[in-house]
Amino acid sequence: MSIELLLALITGAALFGVGIYGALSQTNLVMIMMGIELILAGAMVNLVAFWRYLHPDTPAGQMFVLIVMTVMAIEMTVGFGVAIARFRAKGSVEMEEATDLKG
Amino acid sequence: MTTALLLLLLAVGAYLVAVIEDWTTSGRFRLAAPAFAALALLGRESIVPRKSDRVFFETAPVLLLISALLAATVIPLTANLIITDLATGALFINAALVYVLVALLMAGWGPNGAYAMIGGWRFLGQLIAYAMLIVMPITAVVMRAESLLTTQIVVSQAGLWNIVYQPLGFILFFVASMALAFLPPFDLTTAKGELAGGVEAEYSGARLAVFRLGRLVLIITLAAAIVVFYLGGWQGPWLPPWAWSAIKILAVTTMMLLAGRYMPRIRETDLLGWCWMLGIPLALLNILLVGLLVLVLP
Amino acid sequence: MITAQALYIGFFGLAAVWFGIVVFRTFSMVRSALALLFSQTALGAMFLSMQAEFLGVLQIMMMATEMSIMAIFMVMFMMDPGGLGKMDMTHQKRLSLVAGIVSFVAAVAVAVFVDWGPIASVAPDAAQQTVDLGLELLGRSMLIFETAGITILTAMIAATAVAIPPVKRNPSKGTANHEH
């Protein structure tokens, strides 16, 4: 167990925790997306750390990080598309008011 | 040692850019004018607007300067005169220059002024227009050099400069870097007549001096990047390499500053339309052509 | 043993987490978006100190644009973007706090108690990494990469389709008019 790997994993865990807190506690769609970005960032740190300290000779490890970046970009695009549509229809993107699908 | 020398050269270059800019706007060639202008700025009071976001307000000019300096670290003036020859140099220039946008957004939001804020958001629109046209031509350059090392990119142009090999990429990159440095005709960020200076509007005194210095360094860095990517860097007959670099960089700077004087200003929405509907297809075509050439030519 | 690399990783990691917390602590929305940006930039620097040069530079580049766009959406969609009103924009605070802390502790426990096996001490140099990654992307992983590209394209088209204003048909003229 190396201290570098441990530090990187703790950073990833902390970002994940902060992201979970943000995604659950915020009421605004854009702020929730920020929480999700932090969660994905935590995943990315772990992937880079695993690549560097466990399998440095496998480039597929780096490719996973690229895929996570893609996921981040897609999340932004779709999230903002939905945000614009909702803002146009309802005048706000507050999730407390978004009870349309509640049974 | 190299770092100090390059920083000195960069300072001299920025000063010369200021002289050339003064010449293109006023028509007179005054070697001492920028020095007096800088002294005057430093002597004036640096006003902080009421209810401003102090963190952003103070950081923005410094961040602009730092991002331009960081981009300059991977640009070779001769084969050995380079601060860090990063293995991802061509990508790093991009990464550093994106922070120009962050600096301008901060400068727009920070001072709590309407004109500044409009200028800042305008630059965001401009970035969405030009960003792809910075990245895609660089991709084509890198394809030919088969390396992201900036020195390797220069060496790859030994036989034929990229401006001949991929003229389309050169034009797109040139236009995009003018938009990046918010030079006219893309200067709606700092629109003098309309927004009273845009993002610069609320800055005065020493902070404005740092802001202006950052922009001058940005211009010379972009000119140097164009030289490295398209004009064969330090290569050329008869003269020593450093002289070729200097001549080419100053020539490109003059071109960048002169070109906009003869064009109407372009609104960022129009720029978006032009870049996405015409520029990006052309950039893709450029990548395709260069790919074919790389395969066909030895 | 504490190496220079460990120091850098610790420093940038701390910066990333601190900026990540600032995202949800500040009232100004632009500050919040830029705090997220600097959190991601610190991560990029952390990748650089873990010798993943290409990924680090890519992260630093991508996130600057993403988060700046985030900033303008924050200003557009928040009721109080300047944060001068100090409005509380949170709900179920205790639940989220507990969830955050539990997931942090669980992840750290996994990191500490799992036997990760032998630790590699050297990584390939940056130029070699870039070549390897390129060959990986255009070789074995090409299908995955292409799928990612197509997915982005689909997301772009779908988001644009959702976001453009609805068009109302004018029955008398048969032409399309924008609602606004």
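Q: Let's start with helix 4 of chain B and helix 3 of chain C: what is the handedness of their crossing?
A: Left-handed. Keep in mind that this is a predicted model.

Q: And at what angle do the axes cross?
A: Roughly 25 degrees, with the axes of helix 4 (residues 89-109) of chain B and helix 3 of chain C coming within 8 Å. That makes the two helices, helix 4 of chain B and helix 3 of chain C, roughly parallel, because angles under 35 degrees count that way.

Q: Which residues meet there?
A: From helix 4 of chain B you have B:Leu91, B:Phe92, B:Asn94, B:Ala95, B:Val98, B:Tyr99, B:Leu101, B:Val102 and B:Leu105. Across from them, helix 3 of chain C brings C:Val57, C:Leu58, C:Ile60, C:Met61, C:Ala64, C:Thr65, C:Ser68 and C:Ala71. By class, that contact of helix 4 of chain B with helix 3 of chain C has 14 nonpolar residues, three polar and no charged.

Q: Zooming out, how many residues are in contact between chains B and C overall?
A: 18 residues of chain B and 17 residues of chain C. On the chain B side, helix 4 and helix 5 (114-145) are the elements that give two or more residues. Helix 4 of chain B gives the most, with ten residues. The side of chain B that touches chain C comes out as 15 nonpolar, two polar and one charged.

Q: OK, which pair of chains has the most contacts?
A: Chains A and C, among the two pairs that touch. Their contact takes 67 residues from chain C and 64 residues from chain A.

Q: Which parts of chain C give two or more residues to that side?
A: Helix 1 (4-25), helix 2 (29-49), helix 3 (53-77), helix 4 (93-113), helix 5 (126-137) and helix 6 (142-163) of chain C. Helix 4 of chain C gives the most there, with twelve residues. As for classes, the side of chain C that touches chain A has 47 nonpolar, 16 polar and four charged residues.

Q: How far apart are chains A and B?
A: Their nearest C-alpha atoms are 14 Å apart, and the two chains do not touch.

Q: What about chain C by itself, how many helices and strands?
A: Six helices and two strands, in the order α-α-α-α-α-α-β-β along the sequence. Of the 180 residues in chain C, 37% are buried.

Q: Switching topic: is B:Leu231 buried or exposed?
A: Buried, because B:Leu231 has 22 C-beta neighbours inside 10 Å and 20 or more is the cut-off. B:Leu231 sits in the loop between helix 10 (205-230) and helix 11 (241-259) of chain B.

Q: What does B:Leu231 touch?
A: Leaving out residues up to four places away in sequence, B:Leu231 touches B:Trp161, B:Ile163, B:Ile226 and B:Lys248.

How values were computed: Residues numbered from 1 in each chain as written. Chains lettered and ligands numbered in written order. Predicted model: local features only at pLDDT ≥ 70, side-chain atom pairs only at ≥ 80, totals over all residues. Contact = placed C-beta atoms within 7 Å. Helix = DSSP H or I, 4+ residues; strand = E, 2+ residues; numbered from the N terminus. Nonpolar A, V, L, I, M, F, W, Y, C, P; charged D, E, K, R; others polar. Axes fitted to C-alpha atoms, helices over the stretch in contact; angles between N-to-C directions. Parallel < 35°, antiparallel > 145°, perpendicular 65-115°, else oblique. Left-handed = near helix turned anticlockwise from the far one by under 90°. Buried ≥ 20, exposed ≤ 12 C-beta atoms within 10 Å, placed from the backbone.
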